[in-house]
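Dear colleague,

Please find below the structure that I promised to pass on to you. My notes on it follow directly after.

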Amino acid sequence: MAKKKKILVLYPGTMNRARIALAVPLLLGIAKKRAWWVKYFDTAFYEKEDDSVIAKEKSGGFRPSPMETTPGMIPKEQLVGDVQAIIDDFQPNLIAITAMTCDYQYLMSFLPRLKIPKESLIIIGGHHATFSEEKVINTGLFDLVCIGQGEKTYDEILEKIEKDKPIDRIMGTVFFDKKSKKIKNNGLRKLISAEELWKFPLDYSFFDERYYKYPFDGKTVNMFWLEVGRGCPFNCTYCGAPQLRNKYTGLGQYLTIRPLDSIFKTIKQINKHYQIDIFNITHECFLMQPKVWLEEFANRWAKEVGKGFLIQTRVETINQEMLDILKKSKAPVIQIGLGIESGSKRILEEICNRKMKIEDLVEAYKLMNQNGFRTNAYYMLGFPTETREEIFETIDLCKKVKAQINSVNIFQPYPELPLTKMCIEKGYMKGDEVVPSVTDVSILQMPSISAGEIANLRRVFMLYAKLPKKYWPDIEKCEKGYEPNKDLYDKLLNLRWEYEKKHV
Ligand code: B12
Ligand code: SF4
């Protein structure tokens with residue numbers, strides 16, 4: 001009998017909190033089903049300097065959490081030694097990694113320092129690999145790069161390894177022959193149907209209670225990220241979702257809804273071990289699902305779950321009828337998040353390709369607030385060609401929409417986005433820079449506004465938006481000189497929360 005194969009699944013997550021990346025239960029589940037010996041490692045518990053969730057919390061976007069990071073963080077210096085020890089001890093046949101761009105950059109800070117046994121293959125997939133496949137394979141660190149949807153591709157990779165067959169011709173991968181240094185791009189694989197997709201097994205047995213603890217409304221709750229479908233039909237120029245959809249043109253149906261039975265089966269599976277308080281539904285535009293599906297979802301939620309949930313959707317999908325459907329779920333709390341991004345008509349229409357009216361955004365929040373929904377708003381600053389005045393239009397809009405949760409991000413040019421191409425064409429960047437976190441700095445060198453001013457404005461954005469104008473001179477002091485005015489900044493931040501309590 002052939003020897004049982006061994007796989008190490010590795011997720012180089014960049015947060016200081018434990019979280020289950022959606023691809024990981026799949027990578028674990030498929031390997032387990034194929035009877036592999038499976039180990040899992042992630043970087044959640046290793047200290048990282050920059051964490052966008054903490055940065056947003058510290059600049060007044062969310063209520064301060066009682067649990068800033070997962071308790072018991074490990075010093076970052078121990079990371080390489082710890083991964084090395086697992087590899088030396090386990091001697092995996094395969095190391096499978098999932099990463100978006102931020103994770104990949106972090107991975108590059110430690111993967112090249114590891115001594116990988118000659119016999120161990122390394123494969124990587126996820127959003128970054130899908131859009132930077134050439135750069136990733138050219139590092140010479142990986143045997144295979146998985147491009148796009150991975151379920152079938154990964155299953156086939158494991159099957160080939162089990163049978164000691166060559167892995168150089170698998171659709172949906174780019175292969176690097178470490179001996180001859182030759183690269184073979186096998187092209188994208190056709191998409192599989194939703195039914196087939198959601199039959200692949202998901203394994204959550206590797207995650208303890210720390211993976212569910214998350215701050216919410218100033219408390220720590222059990223939260224679970226629940227996938228209900230994939231894909232968005234819109235074409236915002238700063239977003240990776242249309243990029244993925246477009247890549248699949250002619251290769252099948254990219255927009256998919258997860259069958260309801262599969263959704264509720266996962267909820268039951270998780271609730272057996274961890275009573276989840278809030279489900280964070282990951283769909284780019286939840287309310288664009290057909291009404292019948294939404295009605296059934298809400299009715300089943302009321303009967304089978306009865307807990308709170310969070311969704312993201314587009315402003316165009318917000319109306320009384322949709323809100324009434326959501327209410328049928330009888331969830332004690334429903335949070336709706338909309339991407340606002342900018343309060344400038346020019347930035348929205350000409351730069352972001354978002355053909356929505358500012359008045360509609362204000363009206364949508366009014367309606368959601370009136371109907372008792374908790375609201376979340378996403379903003380971005382530092383778009384190519386943006387000016388200080390336009391950022392203040394966004395601050396002005398934030399004042400008007402009165403969302404409870406505000407997520408203020410700096411635009412970052414991820415690989416191959418239309419806006420990234422524009423930045424390169426305009427000479428705002430070269431294209432090979434490391435992309436910082438969304439709360440760190442802008443890497444764009446623009447004539448309209450400096451990178452420093454963008455970073456400073458992000459830090460005080462919520463103060464300008466939430467405090468009356470009489471405080472603006474003090475806010476400006478903190479904007480222009482944060483370090484010498486830290487005490488004043490903290491005072492204003494406290495005032496921002498007090499003010500909201502009194503006036504909303
Ligand atoms: C859900 C989601 C989140 C969730 C959960 C993310 C997670 N790690 O699980 C949350 C809300 C936490 C999140 C956060 C962020 N996100 Co996000 N997120 C998404 C979203 C909507 C879906 C991703 C997803 O989980 N899909 C389902 C899983 C199963 O798909 P998948 O990971 O792509 O994996 C498939 C394949 O890639 C492949 N595969 C993946 N790994 C592997 C490994 C192997 C070995 C193989 C063979 C195959 C394989 O198989 C899988 C199944 O088909 C995407 C948009 C999109 N349409 O992709 C953005 C997206 C991935 N996020 C993005 C960004 C920028 C962020 C943030 C930086 C945003 C922010 N403002 O803070 C943060 C980063 C936080 C952090 N440091 O980790 C960008 C990434 C761009 C890039 N180049 O990296 C995207 C594309 C959206 C966008 N705005 O452009 N995100
Ligand atoms: S609506 Fe949201 S998910 Fe869809 S393309 Fe725009 S930003 Fe991306």
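In what follows, a residue is near a molecule if its C-beta atom, placed from the backbone, lies within 6 Å of it. Please bear in mind that this is a predicted model.

By that criterion, the residues around ligand 2 are Cys232, Phe234, Cys236, Cys239, Ala241, Pro242, Glu284, Cys285, Arg314 and Gly339. By class, seven of the residues in this shell are nonpolar, one is polar and two are charged.

The surroundings of ligand 1 comprise 39 residues, with Thr98, Met100, Gly125, Gly150 and Gly240 the closest. Several elements each give two or more residues to this shell, among them helix H1 (23-33), strand E3 (94-98), helix H4 (101-107), strand E4 (121-125) and helix H9 (240-247). The shell of ligand 1 divides into 20 nonpolar, 16 polar and three charged residues.

I turn now to helix packing. Two packed helices are described by the angle between their axes and the distance between the axes.

The axes of helix H15 (residues 388-401) and helix H17 (residues 451-466) come within 9 Å and cross at roughly 25°. Angles under 35 degrees count as roughly parallel, and H15 and H17 are therefore roughly parallel to each other. Their crossing is right-handed. On the H15 side, Arg388, Ile391, Ile395, Cys398 and Lys399 take part, meeting Glu453, Leu457, Phe461, Tyr464 and Ala465 of H17. This contact of H15 with H17 has seven nonpolar and three charged residues, and no polar ones.

H17 also packs against helix H18 (residues 472-480), at an angle of about 160° and with the axes 9 Å apart. Angles over 145 degrees count as roughly antiparallel, which makes H17 roughly antiparallel to H18. The crossing of H17 with H18 is right-handed. Here Asn456, Leu457, Val460, Leu463 and Tyr464 in H17 meet Trp472, Ile475, Cys478, Glu479 and Lys480 in H18. The residues of this contact comprise seven nonpolar, one polar and two charged.

With kind regards

How values were computed:
Residues numbered from 1 in each chain as written. Chains lettered and ligands numbered in written order. Predicted model: local features only at pLDDT ≥ 70, side-chain atom pairs only at ≥ 80, totals over all residues. Axes fitted to C-alpha atoms, helices over the stretch in contact; angles between N-to-C directions. Helix = DSSP H or I, 4+ residues; strand = E, 2+ residues; numbered from the N terminus. Parallel < 35°, antiparallel > 145°, perpendicular 65-115°, else oblique. Left-handed = near helix turned anticlockwise from the far one by under 90°. Contact = placed C-beta atoms within 7 Å. Nonpolar A, V, L, I, M, F, W, Y, C, P; charged D, E, K, R; others polar.
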